[in-house]
Amino acid sequence: MAIVLEDVTKIYNPGQPNEVHAVKGVSLRIGKNEVVILKGPSGSGKTSLLSIIGCMSRPTSGRVLVNGRDVAKLPERFLTEIRRQRCGFIFQQFNLLRGITVKENIMLPLYPAGVSLGEIKRRTEEVMDLLQISHRANFRVEQLSGGEQQRVAIARALVNDPEIVLADEPTAHLDTHLSEEFLRMISEIKGAGKTVVIATHDPLVYESSLVDRVIHMRDGIILEEGQ
Amino acid sequence: MKYRRFLILLITESLILLGLLLWGHYRGQTEFVRLTGLKDLVTSLMLTDLSIWTEARYTRHPSQTDLFSAFQDCPGCLEHFPSGSIVSVPPHLRRPEEIP
Amino acid sequence: MRRHLFILEFALSGLCRRRYKNLALLVAYSLLIFIISSILFLTHALKREAELLLQSSPEITVQRLMAGRHALVPVDWVDTIVSIPGVIDASPRYWGYYYDPFTGANFTVLGVRSSEFPLKGREDLDPEDCLIGSGVSETGLLRTGDSLVMVDPEGIARPFRVAGVFSTSSSILTNDLVVLKEETIKRFFQIPEGYAVDLVVRVANPSEIDTIAKKIKEKIPSSRPITRTEILRTYESLFDWRSGMVLSMFIGALLAFFIFAWDKATGLSAEERREIGVLKAIGWDSSDIMEMKFWEGLVLSSLAYLTGTITGFVHVFMLGAPLLESALKGWSVLFPSLKLRPVIEVYQLMVLLFLTVVPYMAATIAPSWKAAMTDPEEVIRS
Ligand SMILES: Nc1ncnc2c1ncn2[C@@H]1O[C@H](COP(=O)(O)OP(=O)(O)O)[C@@H](O)[C@H]1O
Ligand SMILES: [Mg+2]
C-alpha cells in the first residue's frame with residue numbers, strides 16, 4: 001500500500017485563541033514494505049501526522065492519497081473501512097481495554113468485520129502464537145507485565161492482517177531489553193511484507209538497522225529525510 | 001457467551017411477569033366472585049362510597065360532600081394529606097345549578 | 001447479523017466490566033420503576049374496585065340543602081318522589097358520623113331496617129346490638145360479645161353489644177362502619193320524627209336516571225339529587241394518578257434519581273471516552289459504537305423495567321401495598337387492608353415502558369453519539 005501526503009496541514013481549534021498549527025505543509029510518500037520513522041521532539045507534530053497517515057483524523061488542508069485515491073474528503077464510513085482493513089495501531093499507552101481478557105482484546109477489531117466466530121478465533125490464536133502470549137489468553141490485561149501488554153497491543157494491531165502498522169512512541173514506557181524485543185517483532189512484521197510507520201524520539205529505535213527512512217520533524221515541518 | 005446469560009435473565013423475568021399477569025387474571029376472576037358478593041352488601045346497606053379515608057367527611061364520602069368541603073370540620077382545620085389532594089371535587093358539584 | 005451479535009456480546013461484557021456502577025444504576029432505576037408501577041397498579045385497581053362495587057349503589061341519592069348546608073330530609077318527600085313515573089321505590093336513609101375520642105377514629109354509623117337485613121344467617125338485630133367493621137374492631141379491640149360504648153348528644157354513654165364483625169374481605173366497604181337498627185340510630189342521634197338523613201331512589205330504567213334526577217330537582221327545589229354515574233365519576237377522577245399527590249411525594253426521589261442517572265449515564269467517564277476512541281481507531285464505525293451503547297442501555301433498562309414491575313406487582317397485589325399504605329393513609333386512623341383484585345391493563349405496562357425505558361435510552365445514547373462522532377485521535381488524546 002502506498003500512502004502519499006501532499007502539502008498536508010493540521011490546525012487544531014482554527015480561529016480560536018488556542019489555535020495550534022500542528023502540521024504545516026508536509027508532503028511525503030510512504031512506499032510498500034518500508035519501515036519509516038517520524039523523529040522529533042515532543043510537540044513537533046509526530047502524533048498528528050501519524051494519525052493522518054493512519055486515517056484516524058483528517059488534515060485541515062492538503063491531500064492524502066491511499067493507493068492513488070484521495071481519502072481526506074471521504075465520509076467517515078470510508079475512513080473506518082480503511083482503518084479496519086488496512087491499518088493496525090500500536091498506541092503509546094497500549095490502550096488495551098481493562099476488565100476483559102487478552103483474547104477478547106485481540107478479538108475486538110474483528111467484531112465489526114463480519115467474519116464468523118470460528119474465523120475470529122482462528123486468527124486470534126494465530127497472532128497469539130506468533131507473539132507467544134497464548135499462555136496468557138484468558139488473563140485480564142491488567143494482570144500482565146509491561147512486556148506482555150506490549151505483545152498484546154501488537155497482536156491486536158496485527159489480527160486484521162493490515163498492510164500498514166502504525167506505532168506512536170511504542171518504546172516510551174519500555175526498558176532497553178523490551179525495546180530491543182519490540183524491534184525484533186517489527187523486523188518480523190517487516191519480513192511479513194508489511195509497511196511500518198513509527199513516531200518516536202528514542203534513539204534505540206531510529207538508529208536501528210532495520211529502519212529504511214527517518215523523517216526528522218520539528219514544529220510541524222519536515223527538517224530532513226535520512227537513511 | 002455472555003449474551004446467553006443476559007438473555008436467560010431477561011426471559012426469566014419476562015416469564016415471571018407473564019406468570020404474574022396470568023395469576024392476576026385467574027385471581028381476578030375468583031376475586032370477582034368475592035366482589036360480587038360484596039355488591040349485595042352495597043345494595044342492602046345502600047352504600048355510596050368506599051371506606052378508604054375516614055379522617056374527614058369529604059374524604060370518607062366524596063360523593064356526598066359539599067363544594068366548600070375542605071377545612072369543613074372547623075375553621076382552623078388543616079387540609080388532610082394526602083387524601084385531601086387525591087380526592088377531587090365530585091362532578092355533581094361542578095355542574096352549574098339550574099335556576100328554576 | 002453476526003456483527004450485531006458480537007457487538008451485543010461486547011456491550012454485555014462492558015456492563016459486567018463496570019459491574020458496581022451498573023449494579024447501582026440498576027438498583028436505583030428498578031426502585032424508581034417499582035414505586036411508579038406500585039402507584040399505577042394500586043390506583044388502577046382501586047378505581048376498578050370502586051367501579052365494580054358502586055355499580056350496585058342507589059341510582060339516585062337525594063339530599064336537602066338548607067341555608068346552603070346539608071339538612072335533614074322530611075320523610076314525606078318520599079311520596080313526591082315515588083309519584084314520578086319510572087321511580088320504583090324511594091326510602092329514607094339514617095346514618096351519621098361518630099368521633100370516638102378514645103381511639104381518635106371516625107366511625108360511620110349506619111341504620112338498617114330489619115326487612116333488608118344485610119347479613120346472611122342472621123335474621124335480625126336487637127335494638128341494643130351493633131355490627132362493626134374490622135377497622136372498628138381492631139382499633140377498639142372489640143370482638144363479638146364485647147360492648148362498643150358511644151356517647152349520645154345528651155352526654156350519656158350508651159353501650160352496644162357487638163353482635164358481629166364484618167370480615168376483612170369486605171373492609172374496603174365496611175372498615176369504619178357501625179351498623180345499628182334504624183330505630184336505635186334515630187334514638188341515639190336524636191333525629192326528629194318525620195326526618196331522615198337523606199333519601200335513596202331506585203329507578204327501573206338506567207337511561208331515565210338523569211331525567212328523573214332533573215324532575216326531582218324541579219319538584220323539590222331545595223333538594224340535591226346525586227346520580228350513580230356522578231358517584232362513579234367521582235371515583236374515576238379520585239384515583240387519577242396524574243393528579244395523585246402521592247406521586248409528588250416521590251418527586252424528590254425521582255429528581256434524585258435523575259441527577260444520579262444523569263451523572264452516571266450521560267457523563268461519559270474519561271475511561272469510557274478513551275475506550276470509544278480505541279474502538280474507533282481499531283476499525284469500529286460510529287454506528288457500531290452507537291449500537292453497542294444502544295444494547296447496553298436496552299439491556300439495562302429492560303432489566304430494570306422488568307424487575308420494577310414484577311416487584312411492584314408483588315408489592316401491590318400479593319403483599320397489599322404495605323409501603324404505599326403508610327403514605328396513602330395520611331391522618332386516617334382507620335384504613336382498610338388493601339386486598340385488591342389484580343387488574344392490569346397492557347396499556348399501563350406500555351405507559352410505564354415509555355416513561356422509563358425510552359428517556360433512559362435517549363439520555364445514555366446522546367453523549368456517546370458525540371464521542372463517537374469525533375475523530376478517534378482526539379478522543380484518545382483527551
Ligand atoms: N486536540 C488538540 N487540540 C489542540 N492542540 C493540540 C491537540 N492535539 C495536539 N495539539 C498540539 O499540537 C502540537 C503537536 O502535537 P503532537 O502531534 O502530539 O506532537 P508529538 O506527538 O510530536 O508530541 C502540540 O503543540 C500539541 O499541543
Ligand atoms: Mg505524540
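Colleague: How many salt bridges are there between chain C and chain A?

Modeller: This is a predicted model, and the count between chain C and chain A is three salt bridges.

Colleague: What makes R84(A) and D288(C) a salt bridge?

Modeller: The closest N and O atoms of R84(A) and D288(C) are 3.4 Å apart. The cut-off between a side-chain nitrogen of Lys or Arg and a carboxyl oxygen of Asp or Glu is 4 Å, so the pair counts as a salt bridge.

Colleague: Which element gives the most to the side of chain C that touches chain A?

Modeller: α11(C) does, with seven residues. By type, the residues on that side of chain C divide into 11 nonpolar, three polar and 12 charged.

Colleague: What area is buried between chain C and chain A?

Modeller: About 2600 Å², with carbon and sulfur atoms giving 58%. On the side of chain C, F6(C), I282(C) and E377(C) lose the most area to chain A, together 23% of what that side buries.

Colleague: What is the strand order in the open sheet of chain A?

Modeller: The four strands have the order β2-β1-β4-β5, with antiparallel pairing.

Colleague: Why is one side of β2 and of β5 in chain A left without a neighbour in the sheet?

Modeller: Both stand at the edges, each with a single partner strand, so one side of each has no neighbour there.

Colleague: What makes β4(A) and β5(A) a pair?

Modeller: Two bridges join these strands. Pairing requires at least two, so β4(A) and β5(A) count as paired. Within β4(A) and β5(A), L65(A) stands opposite D70(A).

Note on methods:
Residues numbered from 1 in each chain as written. Chains lettered and ligands numbered in written order. Predicted model: local features only at pLDDT ≥ 70, side-chain atom pairs only at ≥ 80, totals over all residues. Heavy atoms only, no water. Buried area = accessible area lost by both parts, 1.4 Å probe. Nonpolar A, V, L, I, M, F, W, Y, C, P; charged D, E, K, R; others polar.
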